[in-house]
Amino acid sequence: MFQTLYSYFWWERLWLPENVTWADLEDRDGRVYAKASDLYITLPLAFLFLVVRHLFETYVATPLAGLLNVKEKIRLKATPNAVLERFYAATTKHPKQADVEMLSKKSGCTVRQVERWFRRRRNQDRPSLLKKFREASWRFTFYLIAFIAGMAVIVDKPWFYDLREVWKGYPIQSMLPSQYWYYMIELSFYWSLLFSIASDVKRKDFKEQIIHHVATIILISFSWFANYIRAGTLIMALHDSSDYLLESAKMFNYAGWRNTCNNIFIVFAAVFIVTRLVILPFWIMHCTVVYPLDLYPAFFGYYFFNFMMVVLQSLHIFWAYLIIRMAQKFITGKARGGAGPAGGSQSDREETDNSEEEEEAAKNGPLSN
C-alpha cells in the first residue's frame, strides 16, 4: 500500500510537463539536477538554526541590547489567588463583566480588585522587551545575510535581467551549487521559524504567520521537486529584500530610537509595496503564469505552484493594508502613544494589553508588589 501511494505521489504527470520523465532529470555528463532527497538535510539544519539562534541571542543580541539601553518596563505581579488563577488558565484571560462579578463573589475580592488582578496577570505573561529585541535581532541578521547571499546567487544570471530566461530549456535545467545552498538554507530557516512559533512572541497575525510559513515551505519544496529553481531563487530574494528593514525598525523601536525607527519603517513600507505589490504580481507571477505556456501545456505542477503564489500574494495584500494604514497614521501624526510604527504595526502587537499599574509605576518609580 505504501509503495502504491508512493508511486501515485511521484507520478510524473503531477510534477513534470508532458513527454518529460524523472529519467530525464538524472545526473549525467557532469550536470546535476534537483532531487527530493536533497531536502532531507533541511530538518537537521532547522534544528541547527535553533541552536545557532540560541547562541546568537545569548552572546550577541543580549549584549547589543545592553549597549542600546533596551530597558524593561516595571510590571507589578498579581497577588496569588487560586480561584482567579484557575479561571485564567482554564477559561479566558479576558473575562466578561458577568464573569468578573461571579469571580468577585467566589474569591472574596471586589470587582475592581478582580479587574486589576487580570490586568496584572496578563502583563506577567507578556513577553519582555529584551525577548522581543533578541528575536528581531536574529531575524534581522538572517534576512540581511540571506538577501545579500541571494543577490550574489542570481545577479550574474541571465534570468535576473530577462525573465523569459527562467524557462529556457525547462525542465532540463541543471542545478548550480550556489542554488543548492541558497535553497537549503532558506528552507531550513523557515522550518526553524515554524518549529519556534509557539514559543516566540505571539502577535496579532499569529494565524496568518502560520499560513505564511507553511505556504512558504510548500512553495520552496515544490519548486525544488518540479525544478522551478530559477523562479524560486528570484522569489526568495525578492521576499528577503524588505524583511530585514522591518526587523531593524523593530530593534530601534525597542531601544527607544523613535526617529530612526520611523524613518526605517517608511523605507520598509516603500520597499514592501514596490516588491510585494508591484514586482511580484506584475513581473514574477506574470513570468510563472504566462511564459511557461509558450513552452508546454499546463499541468498539475503549474497550477499548484501558481496557486501557492496566489496564497502568498493574498497575505501580502493583507499586510500591505496594515502597513499603509500604520504609515498613514504616522505621517499624519495620529500614531498611538509615540510607540513608532514598527512597534505599533499589527504584525508586531502581542495579544495583550497595557495596564494602568505600569503607568503608575512609570510615574512613581520602582514599586514592590
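**Ground rules.** Residues are numbered from 1 along each chain as its sequence is written, and side-chain values use heavy atoms, with hydrogens and water left out. Because this is a predicted model, local features need pLDDT of at least 70 and side-chain atom pairs count only at pLDDT 80 or more, while totals for chains, interfaces and linings use all residues.

**Whole chain.** I looked up the secondary structure and got 14 helices and zero strands; helices (H or I, at least four residues) and strands (E, at least two) are DSSP runs, numbered from the N terminus. Of the 369 residues, 47% count as buried, where buried means under 20% relative accessible area, exposed over 50%, and partly exposed in between (1.4 Å probe, protein chains only).

**Helix α3.** I then went to α3, residues 42–67. It has 26 residues and spans 35 Å from first C-alpha to last, close to the 38 Å expected at 1.5 Å a residue (the expected span is 1.5 Å times one less than the number of residues). I found a kink of about 40 degrees centred on E57; the bend at a residue is the angle between axes fitted to the seven residues ending there and the seven starting there. The buried residues of α3, including F49, R53, F56 and E57, pack against α7 (129–154) and α8 (177–196).

L48, V51, V52, L55, Y59 and V60 make a nonpolar surface patch with about 550 Å² of accessible area together. For patches, residues need over 30% relative accessible area and no salt bridge; like charges are joined within 9 Å, nonpolar side chains (Val, Leu, Ile, Met, Phe, Trp, Tyr) within 5 Å. Areas come from the Shrake-Rupley method with a 1.4 Å probe, and for residues only the protein chains shown count as cover. Y59 is exposed because its relative accessible area is 61%.

**Salt bridges.** My cut-off is a side-chain nitrogen of Lys or Arg within 4 Å of a carboxyl oxygen of Asp or Glu. The whole structure has 13.

E135 is buried because its relative accessibility is 2%, whereas K131, at 30%, is partly exposed. E135 also bridges R139, with closest N and O atoms 3.6 Å apart. Shared partners join R53, E57, K131, R134, E135, R139, D200, E247 and K250 into one salt-bridge network.

Note on methods: Contact means heavy atoms within 4.5 Å.
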